[in-house]
Amino acid sequence: MKRKIDASAAIVLIVAAAFLAFAVTYLYMSGEFAEKSKFDEAMDVIERYYVGDYSREEVEDQAVAAMVAALEDRWSYYMTSEELESYLRETNNEYSGIGITIEQSEGCIKIAAVYADSPAALEGLRPGGELRAVDGESVAGLSASEVKAMVRASLEDGEVELSVFDDGVQSEHTVSNGIIQIDPVRYEMMDGVGYIKVKNFDAKSSGQLIAACKALVEQGAVGLVFDLRFNPGGQLSELLAALDYLLPEGDIFLSNVKGGEMEAERSDASCLEMPMAVLVNSASYSAAEFFAAALQEYEWATIVGEQTTGKGYAQITQMLSDGSAIHISAKEYYTPNGVSLAGVGITPDIELPLDDELWYELYYDVLEAENDTQLQAALEAVKAELTESYRKNS
């Protein structure tokens with residue numbers, strides 16, 4: 001026998017259903033039944049079902065790194081806490097190591113350079129020695145990058161054993177890990193023209209660049225060449241200080257943040273006015289490009305070399321709760337004339353590529369000045385401008 005529901009009972013059921021719907025909605029909105037993110041769902045699956053061993057920290061590191069990589073921006077990346085520590089040292093022109101530079105040469109691993117006052121220098125290592133073993137393991141047949149990896153792995157324990165053959169003598173050295181201070185700028189006089197090599201625009205670079213300019217002018221330099229080849233850029237504050245010293249009054253850097261308006265950084269009227277050239281190549285980017293671009297647009301220097309990379313974003317480093325960080329593009333920037341270099345770069349006034357052999361010699365800092373055709377062209381450009389100035393004023 002079928003039972004009928006009278007009207008009053010139906011009303012009660014409707015009210016009860018409405019209340020239940022309200023309660024569920026309230027709990028959902030309050031977070032009691034809140035939907036998890038896809039990341040949390042995936043971690044739940046791993047934790048509930050995966051039968052192998054794993055590190056949750058490593059899984060999260062890889063996941064966040066993949067999130068940033070999905071932006072497809074080569075300038076944005078994730079750093080673990082250890083990588084962040086190393087990054088902060090580098091931006092301060094410091095690094096953790098023993099203080100040597102090695103290279104593959106003549107079928108063996110050679111010590112190309114030893115930093116002053118470094119653990120390696122204090123242990124008596126010298127440029128030119130042949131590195132034959134790391135912790136008793138031969139490096140014969142290995143590449144320079146593979147040997148560097150061996151040394152880094154050994155230094156996780158605080159020190160490394162190196163076997164070095166130098167000047168006909170085999171010797172053993174125990175070298176401890178340390179913090180190496182790097183000077184980002186070096187300079188010298190070249191046939192009456194001041195040559196200034198700027199490795200990066202990180203900490204100390206602007207002060208050392210300005211000091212180099214003053215020293216070379218005092219020594220009688222008739223012009224300056226700034227070498228920014230293989231310069232990866234650095235800190236905006238360092239770039240602005242260098243440009244402010246060199247350029248006359250006016251805009252020297254334009255930028256905007258996401259959703260913001262264009263902002264201008266300006267130089268004062270004080271400047272250094274003399275013939276100048278700037279050397280760039282395909283490995284010059286970021287602050288190095290904007291240094292060259294500003295001097296080019298002010299017609300303050302002749303740009304010599306190769307087309308640059310074309311970086312148009314500035315990054316911030318945002319710390320995460322576990323000490324890791326995301327280095328992410330957060331600002332667009334432009335040359336003094338409002339030109340974006342993103343994906344374009346700088347076209348030199350004098351385009352002059354190096355062949356592969358000279359390019360690698362330059363990279364390893366073993367290219368002799370007289371064989372450096374780009375450097376010689378920059379020196380000639382400075383001298384030609386000086387000659388033209390004399391002609392006009394005579």
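**Reading a pocket**

Author: In the second largest pocket, β18 gives the most to the lining, with 4 residues; strands here are DSSP runs (E, at least two residues), numbered from the N terminus, and helices are runs of H or I of at least four. This is a predicted model, in which local features need pLDDT of at least 70 and side-chain atom pairs count only at pLDDT 80 or more, whereas totals for chains, interfaces and linings use all residues. Residues are numbered from 1 along each chain as its sequence is written, and side-chain values use heavy atoms, with hydrogens and water left out.

Reader: Which residues line the second largest pocket?

Author: Rolling a probe the size of a water molecule over the atoms shows where empty space is left. On a 1 Å grid over the protein atoms alone, a pocket is an open set of points where a 1.4 Å probe fits, with protein on both sides within 12 Å along at least five of seven lines, and lining residues have an atom within 4 Å of a point. Here the lining consists of N256, V257, K258, G259, Y313, S329, A330, K331 and E332, and β13 (250-257) and β18 are the elements that give two or more residues to it.

Reader: What are the buried residues of helix α4?

Author: Buried means under 20% relative accessible area with a 1.4 Å probe, protein chains only. In α4 (residues 81-91) these are L84, Y87, R89 and T91, and they pack against β1 (77-79), β2 (94-97), β9 (178-181), β17 (313-319) and β18 (325-334). After α4 comes N93, whose phi is positive, near 55°.

Reader: How many helices and strands does the protein have?

Author: There are 11 helices and 19 strands.

Note on methods. Buried < 20%, exposed > 50% of the residue type's maximum accessible area, 1.4 Å probe, protein only. Contact = heavy atoms within 4.5 Å.
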